[in-house]
Structures are given as C-alpha cells and as structure tokens.
Amino acid sequence: MTIAKIVHYKVLSIFVTFMIMSFALAMFIDSITVILFLAAVTIELAQLLKFNPVPMILSEIFCANLGGSATMCGDPPNIIIGTSLGYSFADFVTNTGLIAVISLVIIVIYFYLCFRKELGSAGSEIIPEAIPSPKSAITNKRQFIISCVIFLCAVVLLVTHAQTGLTVALIGTVIAIITLITAGKGTVDILKRVDYKTLLFFIGLFLVVGGLEQTGILEIIAGFIGKVSGGNIAVMIAIILWVSAVASAFVDNIPFAATMIPVIKTLSATTGADLSVLAWTLAMGTDIGGSATPIGASANVVGTSISAREGHPISWGKYCKAAVPATIIVVMVSMICIYLRYL
C-alpha cells in the first residue's frame, strides 16, 4: 500500500512495481506466502481504482516463481539441489540469480506490452484521500516489528551461511523456534498452520528416490540422456532444461528435482560434464516450467483461487495465453545465458 501511494496510485506504475516486489520478496519468502498477501492487496486496490486485477495477479504469480529461482531458499527445488550437492546461497545468487534478474527485465517489458492497453486508462478518477492509510494494514505494531527483525535475521543468516558454517536446515529450525517463542498466545495457531502433509510428503519422496537410486533406475535414465546427447554437454543442457520445464508445467517440480539430482550426478561422472552447470540448468528448468500452467506450481493455484474467490476467475486459456509465452522466453534466456557463460 505504501508503494502504491509512492507512485501516486497510477495503475501501470503499481503494475510494474508490484512485479518487481513479487520477484524480490520471493527470493527469501515462499512464493505461496508472497502471492497470498500480494493478490489480496491487488484486489483491494482494484476495487478502489476500478481496474481488472487479473493481469496484475498473473504477472505477480510469474514474477514470484521467477524470484524463487534466484536464491537457494527461494524455491523448494533449489533447497533440494543446494543441500544435496553442497552449493551455498552465494552460489545460487551468482549463477541462477544472475539469469533470473536478466529474465525479470525482459518479463516486465513483456507483461507491460501485453496489458498496457487494458490497465493504461484505469484509476484516473481516483481521489487519493479515499485510499486507506498503509499503516491501517498493521493490526499489531509490536508483533509487526518483532516479525520484521526475525525475518531480517533469517535473511542475513541465509546469505552468510557458507561463511558461518551453519546449514540452511539449522537456520530454518532456529528461526522457527524464535518465532514460536516470540509469538506468545499465537504459538498454538502458528503450529496448527504448519503444513505437516508437505513435510510427510518430503520424507516419503526421499525414501522413494533413494530406492530408485539403489536399484539403478536413475542410472539407466542418466545413461539414456547421455546416449541421446552423444556426450555433448550443449545437447545435454538443452535436454535437461526443456524436459524439466515441460514436466514441471504439469507435475510438481519438487519430486522431479529430487529424482533428477542423482541423474545429473551420474551424467557428470560418466560424461565428464561439469556438475554445477547441470545443477543450474536443472534449477532453472524446474523453477520456471511450473509457471506455464495454473497447476504447475503452488503459487499459481493460490493466486488463481484468491482471484476466483473475489469474483475474478482466471480460465486455463486466459492464464496460459499470458504465461506460456513468458515461460518459453525465460527458458530461452536461461539456455542462452548458460551457453554463453559456461560453454
């Protein structure tokens, strides 16, 4: 709301700044959380400024998924890749982060060109005095300050974990404990909101992947990719990137990433390909591919659900018409960046 006030409630300015904010927040906060409150604020502004919130929500969803690809803690596949292969927060920022920032510039221009006519004339008759004060969104100032401090500590610890020697898992656990201690009466409510089903899913997933690895199934898949590519790393990158992107558009990218990690390790060992290059390729493919369809990532489902609940349903056609070209653009940019930088 403060950002909207700074840009004088001009809809196109809000549109661009909210995309950038969605990207930046998703680098450190789960994209679902980002979309939960950002979509709600967008709909509230849409009601006040009399514009269609659907284009803005679509762009926010895409940018949240793109922002998640930039850091190790931004998207679950990155956490899995980073912890499994021993890469740090800084490794992701300097590799996938650079690709994500370049892609963001192109994507902001793309969405601006797509929706500028639809949003250009909106909000011209609004009286700024009619907009609620941004401060009214804070219902508990003390808890707000505490939460901000804890969040900033989490960001600092995550950024410096390679230097301090602390693992991402330990940082997450410590921050969670501190949050519960400072929550007071809200502790029970926070514990109830923990997604235990997802935690159990992760446990089961790694057991299954471990089984596939022990029985040699993943080695067969790696051998097949190596055979198709003829040992050519450029072809290997293209296969991993595009297969990851297409698969992640229809199935959850978390199990796909977990399954592919032993595959790229085997490929690296048998063909001599640089493991880190294959890791960045896998990360970008799985992170971005999920943006293409309404079911490709959790943030997509949440964003479209909020929009539909508030009377602005987003059909598959409407979603894919905007998101599929954007996904193809980012995958192409990723492939070009990987080729130019690493080959």
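Predicted model: local features only at pLDDT ≥ 70, side-chain atom pairs only at ≥ 80, totals over all residues.
## Helix α3

Let's start with α3, which covers residues 31–49, 19 residues in total. From first C-alpha to last, α3 reaches 26 Å, close to the 27 Å expected at 1.5 Å a residue. At its start, a side-chain oxygen of Asp30 comes to within 3.0 Å of the backbone nitrogen of Ile32. Just past the other end, Lys50 takes a positive phi of about 60°.

## Ser307 in α16

Over in helix α16 sits Ser307. Its relative accessible area is 0%, so Ser307 counts as buried. The Ser307 side chain gets to the backbone oxygen of His312 at 2.5 Å.

Leaving aside residues up to four places away in sequence, Ser307 touches Ile43, Val54, Ile57, His312, Pro313 and Ile314.

## Cysteines

How many disulfides does the structure hold? The count is 0. Cys73 is in no disulfide, and its nearest cysteine sulfur, that of Cys153, is 14 Å away. A disulfide would need the two sulfurs within 2.5 Å.

Cys320 is in no disulfide either, with the sulfur of Cys114 as its nearest, 14 Å away. Buried or exposed, where does Cys320 fall? At 19% relative accessibility, Cys320 counts as buried, because the cut-off for buried is under 20%. Cys73 is buried too, with a relative accessible area of 14%.

Note on methods: Residues numbered from 1 in each chain as written. Heavy atoms only, no water. Helix = DSSP H or I, 4+ residues; strand = E, 2+ residues; numbered from the N terminus. Expected span 1.5 Å × (residues − 1). Polar contact = N/O pair within 3.5 Å; in protein donor to acceptor, adjacent residues only side chain to side chain. Buried < 20%, exposed > 50% of the residue type's maximum accessible area, 1.4 Å probe, protein only. Contact = heavy atoms within 4.5 Å.
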